[in-house]
Amino acid sequence: MITPPDRTPLPREFFDRPVLDVAPDLLGRTLVRTTPDGPITVRLTEVEAYDGPNDPGSHAYRGRTPRNGVMFGPPGHVYVYFTYGMWFCMNLVCGPEGRASAVLLRAGEVLEGTDLARKRRLSARNDKELAKGPARLATALGVDRALDGTDACASEETPLRVLTGTPAASDQVLNGPRTGVAGDGGVHPWRFWLANDPTVSPYRAHVPRRRSS
């Protein structure tokens, strides 16, 4: 059986590059989540780059911790974190090994397994909203911390894999400030998305959280 080119897993060398090269190149690629109930496939439409020690917005800005250890490599692994006490978000680790950087997967179009995604995203008003935003994407795919460290480049079938898909044309890729990121980390124009794609999440500037009295 011959595997179609667009269904070929991305090699580790793809991720073993600077994060600002990898991030826009992920647009149009497909992410496959394998579950006991069947696969869910998402076409990536929005991502955000985080550059470790050079980036105040990165979880690894102040060094390695038990939480962010996966970000230090090897490249091509999945970094999952828990945020706001209720949501999971997922990233793809970039190279070189030992220097933390990763791409946050912010949004995508569900191509396969739509019924499974709908069961997890009952509040979605339509299918375009199933994976519109990083927490929604992780929820639709059933991603949690148990998948932290998954090798997305493994030759055998794993819970999460990234396939070649159809890379986006350069003139369809836009970039701008990261959404919802505070301080110096919010000024970098390191969010990348597909122009005019309805699954891309809206931009929101960071709003400080009020402290309870």
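Student: How does R12 count by its relative accessibility: as buried, as partly exposed or as exposed?

Tutor: This is a predicted model, in which local features need pLDDT of at least 70 and side-chain atom pairs count only at pLDDT 80 or more, while totals for chains, interfaces and linings use all residues. Residues are numbered from 1 along each chain as its sequence is written, and side-chain values use heavy atoms, with hydrogens and water left out. Buried means under 20% relative accessible area and exposed means over 50%, with partly exposed in between (1.4 Å probe, protein chains only). The relative accessibility of R12 is 27%, so R12 counts as partly exposed.

Student: How many residues apart in sequence are the parts that R12 and D151 tie together?

Tutor: A salt bridge is a side-chain nitrogen of Lys or Arg within 4 Å of a carboxyl oxygen of Asp or Glu, and the side chains of R12 and D151 meet in one at 2.8 Å, N to O. R12 lies in helix α1 (residues 12–15) and D151 in the loop between α4 (134–141) and β6, so the parts that this pair ties together are separated in sequence by 139 residues. Here helices (H or I, at least four residues) and strands (E, at least two) are DSSP runs, numbered from the N terminus. The separation asked for is thus 139 residues.

Student: How many salt bridges does the structure hold, and which residues do salt bridges with shared partners join into one network?

Tutor: The structure holds 14 salt bridges. One of them brings together R106 and E48 at 3.9 Å, N to O, and this pair links strand β5 with strand β2, 58 residues apart. R106 and E48 are both buried. Another pair is R178 with D55, both buried, and the network made through shared partners consists of E46, E48, R106 and R191.

Student: How far apart in sequence are the parts tied together by R178 and D55?

Tutor: In this salt bridge the closest N and O atoms are 2.7 Å apart. R178 belongs to the loop between β7 (173–176) and β8, whereas D55 belongs to the loop between β2 and β3, so the pair ties together parts whose distance in sequence is 123 residues.

Student: How are the rings of F14 and F15 arranged?

Tutor: Rings of Phe, Tyr and Trp (its six-membered ring) pair if their centres lie within 6.5 Å, and planes under 30 degrees apart count as stacked, over 60 as edge-to-face and the rest as tilted. By this rule there are three aromatic pairs. The centres of F14 and F15 are 5.0 Å apart and their planes stand at 75 degrees, so this pair is edge-to-face.

Student: What is the angle between the ring planes of F82 and F88?

Tutor: F82, at 40% relative accessibility, counts as partly exposed, and F88 is partly exposed too, with a relative accessible area of 25%. Their rings form a tilted pair with centres 4.8 Å apart, and the angle between the planes is 40 degrees.

Student: Which residue has its charged end over the ring of F14?

Tutor: A charge sits over a ring if NZ of Lys or CZ of Arg is within 6 Å of the ring centre and within 35 degrees of the ring normal. R191 lies over the face of W193 in this way, at 4.1 Å from the ring centre. For F14, the charged end sits 4.6 Å from the ring centre and belongs to R17.

Student: Which residue in the turn between β3 and β4 has a positive phi?

Tutor: Two strands pair if DSSP finds at least two bridges between them, and β3 and β4 pair in the antiparallel sense over six bridges. In β4, five of the seven residues are buried, and W87 in this strand stands opposite T83. The two strands form a hairpin with three residues between them, and the turn residue with a positive phi, about 55 degrees, is Y84.

Student: How many of the six residues of strand β1 are buried?

Tutor: Six bridges join β1 (residues 30–35) to the antiparallel strand β2 (residues 38–50), and the two form a hairpin with two residues between them. On β6 (residues 160–163), joined to β1 by four antiparallel bridges, R161 stands opposite V32. Strand β1 is largely enclosed by the rest of the structure because the number of its six residues that are buried is five.
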